[in-house]
Amino acid sequence: MTSAPALRLTGIAKAFGATRALKGVSFELAAGEVHALIGENGAGKSTLMKVLSGAHAPDAGSMELAGRPYAPSDPHDARLKGVAMIYQELNLALHLSAQENILLGAESARGGWIDHRASRARAREALAQLGHESLDLDRPVRAFSIAEQQVIEIARALLTNPRVLIMDEPTSSLTPADTERLFAAITRLRGQGVGIIYISHFLEECRRIADRYTVLKDGETVGSGPMPGASLDHIVTLMTGREVRELYPKSEHSLGPVVLEARELVSAPRLRRASLQVRAGEIVGLAGLIGAGRTELLRAVFALDACDAGAVIVSGGRPGAPTPRSRWAEGVGFLSENRKEEGLMLSQSLADNLTLTKASAFSRLGLISPRRQVAVAQRWIDALGVKCRDATQPIGQLSGGNQQKIALARLLEHPARIFLLDEPTRGIDVGSKAQIYRLIGDLARAGKAVVVVSSYLPELLGLCDTIGVMCRGELAAVRPRSAWTEAEIMRVATGAG
Amino acid sequence: MPPSLARLLRQAGPFFGLLVVIALFSIPAETREFFLTYHNFKTIFTQTVIVAIGALGMTMIIVSGGIDLSVGSSIAFTSVVGALLIQKGWGPFPALVAMILSGGFVGLLNGAAIAALRLVPFIITLGTLGVMRGSAKWLGDNQTVNYESSPINTWMTTPDPFSYALPAGVWVTLGLAILTSVLLRHTVFGRHVFALGSNEATARLCGVPTTRLKVMIYALAGCFFGLAGVFQLARLRQGDPTVAVGLELDIIASVIIGGASLSGGVGTVLGSMIGALIMAVLRNGSQQMGWPTYFQEIIIGLVIIVAVFVDRLRQGRQG
């Protein structure tokens, strides 16, 4: 390539107090290239992206954009200079229409009056670049699916004609079908000469979409190369600094009696009909597209949502209308897919988060003993290798993987005997993932029943004894793992079966 | 910053603010003579009682992620109820219990409405603010309710105004502050209050009975407001349905100045008590400086803004 690269970083360093988040990162992005940026949580990806998008100024090193020095003063400046960022958490004004969101802050106006026709044309043009010209521009954004909302967000980024587009975990909440559509859009943008930095924990995905990869570890570039032909094992070894041979544990476990049963369960509007039996020592996976009712099935079983019909039978359960409280008492534990909004109290300590389901177990004469709470939390911090200051640290300050370990430890400490896990590994690094898989394997071996909802099929196929596939609110098929392949699951999930 | 230092700063922040305010009024020649005396502080403590007791209940509510705008009206309502009962010949302690319970009943209604109708506390209690003020006027036939005399009248004074003894109201406030602090920090109930305010969805998921808890919080806080009504009655020596207008703002401000977050999950009793004292010292000092009341209002308004801003800075540094 003779022309200057779209973006070149040389020796970028950034420290926060004593923590050296970046120790000298070099990185090159060509125009019309998709470049996967890979690394475990805490490897420095987020910091690097914040430096690139102007949120942080680097302590050392230089950046060039299309051959010219690049030093953005803030994210807005970065956008004007041609570097746009799509964050994992979407930044949309949910009550405004698609068009208003796309043009937010860049409205076509004359003397303060919005020029509706010009606005519309620009919004359409941006959407057309992504292959979504038919999107209803007048509908409020909250009425769109997550995937469509993401398209709207990308369209907004395209308004400034960026040279470089940074996407942080863009598929973490997308179904496989939506991922395909996103990939089609990315391919179009690549064809138009936009350089794309693609950050993802899904290595298979990176391999499919990316032209090149760069691996970060502990704030340094540890490897880089062309993606086609690269071995994923090699990349994982670079990321973790160790060889991960067996991601999914092959633990020997035997199945006991049925401990949880859902009979013809209905919870309007999302869950239309589901029957499921789970045995002690069994790992049951639930696959399906987003919106197929998997989460709703777990929530109905856990009595977080009301049931309109059907029954949930827990072995040794109590009579009376179930509530989340009574479910915990029966030994059923639930891990929310939504760690930040539902799973954890971010402003509260690790210890408080871990022991919330059984606070009274730590009290004597009505008074809670914080020392015993902290001691218990410390045991789990050590057992699961949670990286934190101490058990009194607010959990919101931890990385996603470490937060998830504490969220899971809540079920372990309770202790639950039936585990309902909704997307237990979403958005966390490979090392933590492997650890959670091992934990789930150990649980099954100890005779616990586990139900796992996941959108990541290799995970379900690697982990579960039995897999059920949901489609449009119905549990369409439940079969042993050996009867499933990824293609077969997708066929049933999309209703093609 | 080491965590222990951050924690110290967070807890010492309001205390530091109190020292600054006290220092402010100790320097000018007009007030130097009298301001920093035991008897002036006795006055300040006595003047803090009603707001402080209200702030105890409000701390629970705000930590749980709620708000109660009907405090001022509740205080007026319960003081009218008390005055009527004393008129009918009730003794001081039965009247006291009845007033606390009537405050608790108002809180129970607030909590039940918030939990059952699933409306935001701001709206519900904005409604009860009007309902209770109207009810107080109705009960009192739109005028003050007078009674011969009652031992309650002595609860905010000491027999000898120049003695070093403190009135009963101050001791009650102190005792309740300690009890509430223990309740919030060391009991399962308190832990659940913090959980509810920090993340209601998590609390529900973890089996905290959130609906029942909300009703309990507002009812218990209502009992505190009823008790504040008792001391309001003791101070005025008559039931006045138009008393304590706008007091809810002083009470909420005390809690916020004390470091609590309006979004819930954060707050301490000690902070709220210091917040209440800051407000009382500002009022007392301004009066002694001879500043007009509108000037006091402006100062207190600005202090609230500064306090919350400083608090945000502290939190930002933590994160």
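Which pattern does chain B follow when read along the sequence? Chain B follows the pattern α-α-α-α-α-α-α-α-α-α-α-α-α, with 13 helices and zero strands. Helices (H or I, at least four residues) and strands (E, at least two) are DSSP runs, numbered from the N terminus.

This is a predicted model, in which local features need pLDDT of at least 70 and side-chain atom pairs count only at pLDDT 80 or more, while totals for chains, interfaces and linings use all residues. Residues are numbered from 1 along each chain as its sequence is written, and chains are lettered from A and ligands numbered from 1 in the order in which they are written.

**Overall form of chain B**

- A compact globule of 319 residues would have a radius of gyration near 20 Å, and chain B agrees with this at 20 Å; the radius is taken over C-alpha atoms, and the globule rule is 2.2 Å times the number of residues to the power 0.38.
- Along the principal axes, the C-alpha atoms of chain B fill a box of roughly 55 × 55 × 35 Å.
- Of the 319 residues in chain B, 50% count as buried; a residue is buried if 20 or more other C-beta atoms lie within 10 Å of its own, exposed if 12 or fewer, and partly exposed in between, with C-beta atoms placed from the backbone.
- Where contacts in chain B link residues at least 6 apart in sequence, 79% of them join residues at least 24 apart; two residues are in contact if their C-beta atoms, placed from the backbone, lie within 7 Å.

**Cis peptide bonds in chain A**

- The bond from Ala268(A) to Pro269(A) is cis, with omega near -5°, and Pro269(A) lies in the loop between strand 13 (258-267) and strand 14 (271-279).
- A cis peptide bond also runs from His414(A) to Pro415(A), with omega near -10°; Pro415(A) belongs to the loop between helix 14 (400-413) and strand 20 (418-422).

**Positive phi angles in chain A**

- Asn161(A) is not a glycine, yet its phi is positive at about 50°. Its place is the loop between helix 5 (146-158) and strand 9 (164-168). Asn161(A) is exposed because 12 other C-beta atoms lie within 10 Å.
- Asp218(A), likewise not a glycine, has a positive phi of about 50°. The loop between strand 11 (212-217) and strand 12 (220-226) holds Asp218(A). With 15 other C-beta atoms within 10 Å, Asp218(A) is partly exposed.
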